[in-house]
Amino acid sequence: MSDSHGKPPLLLIEDVRKHYPITRGLLRRQVGTVRAVDGVDLFLHRGETLGLVGESGCGKSTLGRVILRLEEPTTGRIVFDGLNVLELPAADLLRLRRRMQIIFQDPYASLNPRMTVGRSIGEGLAIHRVGTPAERTERVRELMDVVGLHPEAFSRYPHEFSGGQRQRVGIARALALNPELIVCDEPLSALDVSIQAQVINLLQDLQEKYGLTYLFISHNLAVVRHLSNRTAVMYLGNLVELATTEELFRNPLHPYTQALLEAVPQMKPGVRPERRRLPEDFLKEARSLPGCAFAPRCPQASPICREETPTFEERSPGHRVRCFRV
């Protein structure tokens, strides 16, 4: 895999799985497995934004955390700029973490309430021993200016800020070590709509200024369409469709993608489009059923869909789909 200039991708993910055991009883005997991420293949090129969408519980955030090794995958291969992330010793992994950062979903829960904003932003600099204390302070003040925070906020605490301001603190903290890749784990979901627009503009400006690569995890399709170069659709632990954002929204091929797009409100006077409502009865059981995981809810399912698992195949250049019916 390479970009238009023949360069390898910044991030390559191959057959990544994250399974959680289900235990029961005093002896914690394993009685089952939750396949949160179940064989994902993905790549990101430098400077692009890849949107990752899907319902709550489909494994989007787990995949983001596994990429950064905040959680250890069950199996798979993750390569960042030629380095196999899963084989790195602790010292090398610590150095690599400077190049990969995350913006968390809840800006209040991800900030230590007992640390000032300035100390929170500069924590990574202190851990990695970047510069002198005076240089770190100067770097933090510079970052606060970049994300639109007043210098007086340096010595204040998270509870003194609004949700949008706290998320700006989270963004500044992610930028502190000059990363190349930032995993944006639903960074807008806890914010008011008016504040969301400000944060979106900030993320775009920062990407242009610093050449950042984003994995943008969200369930807001309108935001993903606005921000992303390519979009991947995830369902119950695996990708079901991947294409350029323009192609995906213009010509969705997987029934699940089609249902997601039909659920987006259409702001057209006098037009009331029909919306496909997917049954929810089999959502939990689908993980353990044979065949395609979406088959119990799919209006186009055939017998083969309930017996065999479809592969993730390229149907047109850059457009991959996991479906027998396409």
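Student: Before we start, what should I know about the model and the numbering?
Tutor: This is a predicted model, in which local features need pLDDT of at least 70 and side-chain atom pairs count only at pLDDT 80 or more, while totals for chains, interfaces and linings use all residues. Residues are numbered from 1 along each chain as its sequence is written, and side-chain values use heavy atoms, with hydrogens and water left out.

Student: OK, how many cavities of 30 Å³ or more does a search of the whole structure find?
Tutor: The search finds 3 of them, where a cavity is a set of points, on a 1 Å grid over the protein atoms alone, at which a 1.4 Å probe fits but cannot get out. Grid points are joined across faces, edges and corners, and a volume is the space filled by probe spheres set on the points.

Student: And what volume does the largest cavity have?
Tutor: The largest cavity has a volume of about 80 Å³, and of the 13 residues that line it, Cys292, Cys298, Cys305, Cys323 and Arg325 are the closest to its centre. Lining residues are those with an atom within 4 Å of a point.

Student: How does that lining of the largest cavity divide by class?
Tutor: It divides into 10 nonpolar, 1 polar and 2 charged residues, with Ala, Val, Leu, Ile, Met, Phe, Trp, Tyr, Cys and Pro counted as nonpolar, Asp, Glu, Lys and Arg as charged, and the others, Gly among them, as polar.

Student: What about the second largest cavity, which residues line it?
Tutor: The second largest cavity holds about 40 Å³ of space, and its lining consists of Val53, Leu221, Thr231, Val233, Leu248, Phe249, Thr257, Leu260 and Leu261. The elements that give two or more residues to this lining are β9 (230-235), α8 (245-250) and α9 (255-262), helices (H or I, at least four residues) and strands (E, at least two) being DSSP runs numbered from the N terminus. The largest share, 3 residues, comes from α9, and by class the lining has 7 nonpolar, 2 polar and no charged residues.

Student: Switching to pockets, which residues lie nearest the centre of the largest pocket?
Tutor: Gln101, Ile102, Gly124, Arg173 and Leu177 do, out of 18 lining residues, and the space in this pocket is about 420 Å³. A pocket here is an open set with protein on both sides within 12 Å along at least five of seven lines.

Student: Which element gives the most to that lining of the largest pocket?
Tutor: That is α3, with 5 residues, and the elements giving two or more are β6 (100-103), α3 (117-127) and α5 (163-175). The lining has 11 nonpolar, 4 polar and 3 charged residues.

Student: New topic: is arginine 69 buried or exposed?
Tutor: Arginine 69 counts as buried because its relative accessibility is 14%, buried meaning under 20% relative accessible area, exposed over 50%, and partly exposed in between (1.4 Å probe, protein chains only). Arginine 69 sits in the loop between α1 (60-67) and β4 (75-80) and has a positive phi of about 60°, although it is not a glycine.

Student: And where does arginine 129 lie?
Tutor: Arginine 129 is in the loop between α3 and α4 (133-146), with a positive phi of about 55° although it is not a glycine, and at 75% relative accessibility it counts as exposed.

Student: Last one, what is proline 151 in contact with, leaving aside its neighbours within four places in sequence?
Tutor: Proline 151 is in contact (heavy atoms within 4.5 Å) with Arg141 and Met144. Proline 151 lies in the loop between α4 and α5 and is exposed, with a relative accessible area of 52%.
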